[in-house]
Amino acid sequence: MSFSWAKPYEPKHPLMRWLDERLPLPRLAYGAIGGGYPVPRNLNYFWNFGVLAGIFLTIQIVTGIVLAMHYYATTDGAFNSVNQLIMRDVNAGWLLRYAHMNGASFFFIVTYIHIFRGLFYGSYKAPRELVWMLGLVIYLLMMATAFMGYVLPWGQMSYWGAQVITGFFSAFPLIGEPLRVWILGGYAPDEAALTRFFSLHYLLPFVIAGVVILHIWALHIPGSSNPTGVDVKEERDTLPFHPFYTAKDGWFAAAVLLVYAVVTFFAPNYLGHPDNYIPANPLATPAHIVPEWYFWPFYAILRSFTIDFILPAKLWGVLAMFGSILLLFFLPWLDKSPVRSGSYRPVFKRFFWLLVADVLILGYVGGAPLNWWRTALGQIAAAYYFLHFLVVLPLVSAFETPDPLPSSISESVLHGEETEAAPAGQTKPRRGATATAG
Amino acid sequence: MRFILGFIGSVFAAILLFSMISNLATYYGNKPAPLASDVFHKEPKELHLASDGPFGNFKNQAQLQRGFQVYSEVCSACHSLKLVSFRDLKGIGYNDAEIKKIASDWKTQVPSINPDTGEASTRKALPSDNFPPPFANEVAARAANNNALPPDLSLITKAREGGAAYVYSLLTGWADPDTYRNEHGERLPADAKPPQGLHFNPYFANLNIAMPPPLTTDGQVSYADGTKPTVDQMAKDVAAFLAWTAEPNLGNRHAAGVPVIVFLLIAAVLAYLAYQQIWHDAKRSVRVTGALDPKNQAKSRRAKAKQGVAG
């Protein structure tokens, strides 16, 4: 679609020709993920994680549909249907459930790597702003789906997680409490909440699949970005998606599924919490209520607001937590640097790794029981998170002098040091050699 | 817009840093005393079971049956096993006739309906029944146990940090709060001593557990296989049994995992070789000068270096 040299679909078999004239589905697939989609030839392994996210979405939908056949969405039946029926009596039910539990974690792992890939290589910049924003919509839908899925086994963490997370809404003045009651269908999580969470947990993955189609569609207009961030200029900068990237994705997917299988078969409860094997009990609060690991950084931001400054601390925490994701929608306009790839941005690069460390610290603080120094550490890390995106990034993009860019993708793949060009709009002399040759 | 967002970000950061300073000031101004549960709580002891590790399984059926004996003679007086049915006992080596007998001899019966009058009644358990709980409901359980609720044991090794080792440590962990010293030789402060009706056990999260020591004397249970029924042995056996009730498919899972890993390993290697094969020509054809350029001919590291080709 995007480049003039993209090969059009040429059906060879008469049956395919017949089909193509009536319903050009093979043509669509060929242009989207086949030989008709030219991809920059210099993608590194960080570009494999989008396909991996798609694989894990598929695993979640397939295992989830079968699990739903054996699950009872009632407060009396949910815990036993999961822990007796599915785990003991359904043929290979334990495999379906553990594959689904850990599939959620792996879906988030690959998605986080995919998002940080985008952050480092400037994949959010023009002309891919909508690709980035649609990706964030997918991420928000994933979070909602994962949260509701965690409620379904109706263990202690399910129940108290639902209690805490729906409690966020009550932080808003006036409408907060009625909104929370409306969302739950009651004053506390109960049958009404469980059945609607089940209904939405079944629905949202298909909504995600729909937005994934939009995400890929929007991506195919400009085509994939690449580690240099330099635009594709000619045919030799690209390779057809099939067979080159299907082969690369294929072997890498097998390698990642290997890790997933190790966890699913040999440590299936490692990423979970023991308290969720205790049936939900509205009268007994667990000692430490923690969400699943993929929410820990946001949970840390929420808990970091401890003083009532004009607004109540809880409201500040909720605003900051939602804000920490919503600000990512503004990223294409916060980072004004014309250079996409972090490889050619010496100052940005340092702050990027600081951000990675910062999010890891937030994750640690969010998952651990609070004490005085973890609270302080979380507050520093949360403060840096906001400063990074809203203050540091705009300043860096305004004042940084980027390294010289290779003149083309092919040059960078070759021994491009000999023929370097300054990035668009930059005429400063080179500051050291580029890193991506060979 | 960037100024507005920058301002919002600075406000968030300022509030966070101010909160931090105020919290630290409070902390240093009034350092809280460490909690007794932080100073005296102990991590579970080491326990080695056949179900441990990546190849663990439940083939040590003698121990599992001994553990079941301990459960049925001791623990089941108060603790239910609601998610396990009698027929599941096949997994630890009982045959159909034995299971039928265990079910019909079980001390509590299953709620039923009198077929003649329609009145509520009870009947003997069948192999297809789950283990009937010792108390009819939570109120009855609390009434009989000094207002404490004995937890269901079906999933207990998955529902506690430390798993089977925790169960074993707890069952052997009761100590006298008056003479107890922790590993630093500290004595339990008076205000941390267990209140009336609770018992000191350093493996329990808050140190004071409502359950009195259930395994008190060697030989409390008489084992048919000649194993010496010490308190330690009984605790180990019942921990092994509860590891089975929590995860009866663990052996199948491990057995299924190995071929899956081997399959994926072979698939990954073959797919990697295919990837190398497919990319082999693409990596060379990028050089615009054509296939006869000596730079394009250079494949080995040394040949590339000689031609001045990077990589």
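This is a predicted model: local features need pLDDT of at least 70, side-chain atom pairs count only at pLDDT 80 or more; totals for chains, interfaces and linings use all residues.
**Entry 1: confidence**

I began with chain A. Its mean pLDDT is 92. I noted that 94% of its residues reach 70 or more. Over residues 415–438 of chain A the pLDDT is below 50. Even so, this stretch has 48 contacts in the model beyond near neighbours in sequence.

**Entry 2: domains**

Next I looked up how the chains are divided. Chain A has domain 1 at 1–36, domain 2 at 42–284 and domain 3 at 290–402. I took domains 2 and 3 of chain A as a pair. Their C-alpha centres are separated by 22 Å. Domain 2 of chain A brings 27 residues to the contact, and domain 3 of chain A brings 22 residues.

Which helices supply the side of domain 2 of chain A that touches domain 3 of chain A? I found α5 (93–120) and α6 (129–151) of chain A, each with at least two residues there. α6(A) gives the most, with seven residues. I also sorted that side of domain 2 of chain A by class. It has 18 nonpolar, seven polar and two charged residues.

For chain B, the assignment gives domain 1 as 38–84 + 130–248, and domain 2 as 253–307. The C-alpha centres of these two domains of chain B lie 55 Å apart.

**Entry 3: helices α4 and α5 of chain A**

I turned to a pair of helices. Helix α4 of chain A covers residues 78–89. The axes of α4(A) and α5(A) come within 5 Å and cross at roughly 115°. From α4(A), the contact uses V82(A), I86(A), M87(A) and D89(A). From α5(A), it uses G93(A), W94(A) and R97(A). By class, I have four nonpolar, one polar and two charged residues in this contact.

**Entry 4: L96(A)**

I stayed with helix α5 of chain A, where L96(A) is found. Is L96(A) buried or exposed? L96(A) counts as buried because 22 C-beta neighbours lie inside 10 Å, and the cut-off for buried is 20 or more. Leaving out residues up to four places away in sequence, L96(A) touches T63(A), V66(A) and L67(A). I also checked L96(A) against E21(A). They are 75 residues apart in sequence and 41 Å apart in space, C-alpha to C-alpha.

**Entry 5: nonpolar cores**

How many residues are in the largest nonpolar core? I read 101. The members that touch the most other members are F107(A), V110(A), I301(A), L362(A), A382(A), F386(A) and L387(A). Helix α15 of chain A, residues 372–399, gives the largest share of this core, 13 residues.

Not counting residues up to four places away in sequence, L362(A) touches P297(A), A300(A), I301(A), G378(A), A381(A), A382(A) and Y385(A).

Another core, of 48 residues, lies apart from the largest one. Among its residues are L64(B), A159(B), A164(B) and M234(B).

**Entry 6: helix α7 of chain B**

My last stop was helix α7 of chain B, residues 163–171. Nine of its nine residues are buried, so this helix is largely enclosed by the rest of the structure. The buried residues of α7(B) include G163(B), A164(B), Y166(B) and L171(B). What do the buried residues of α7(B) pack against? They pack against α6 (156–159) and α8 (231–246) of chain B.

Conventions
Residues are numbered from 1 along each chain as its sequence is written. Chains are lettered from A and ligands numbered from 1 in the order in which they are written. Domain bounds come from an automatic or database domain assignment. Two residues are in contact if their C-beta atoms, placed from the backbone, lie within 7 Å. Helices (H or I, at least four residues) and strands (E, at least two) are DSSP runs, numbered from the N terminus. Ala, Val, Leu, Ile, Met, Phe, Trp, Tyr, Cys and Pro count as nonpolar, Asp, Glu, Lys and Arg as charged, and the others, Gly among them, as polar. A residue is buried if 20 or more other C-beta atoms lie within 10 Å of its own, exposed if 12 or fewer, and partly exposed in between; C-beta atoms are placed from the backbone. pLDDT is the predictor's confidence in each residue, from 0 to 100. Axes are lines fitted to C-alpha atoms, for helices over the stretch in contact, and angles run from 0 to 180 degrees between N-to-C directions. A nonpolar core is a set of buried Ala, Val, Leu, Ile, Met, Phe, Trp, Tyr and Cys residues joined through C-beta atoms within 7 Å.
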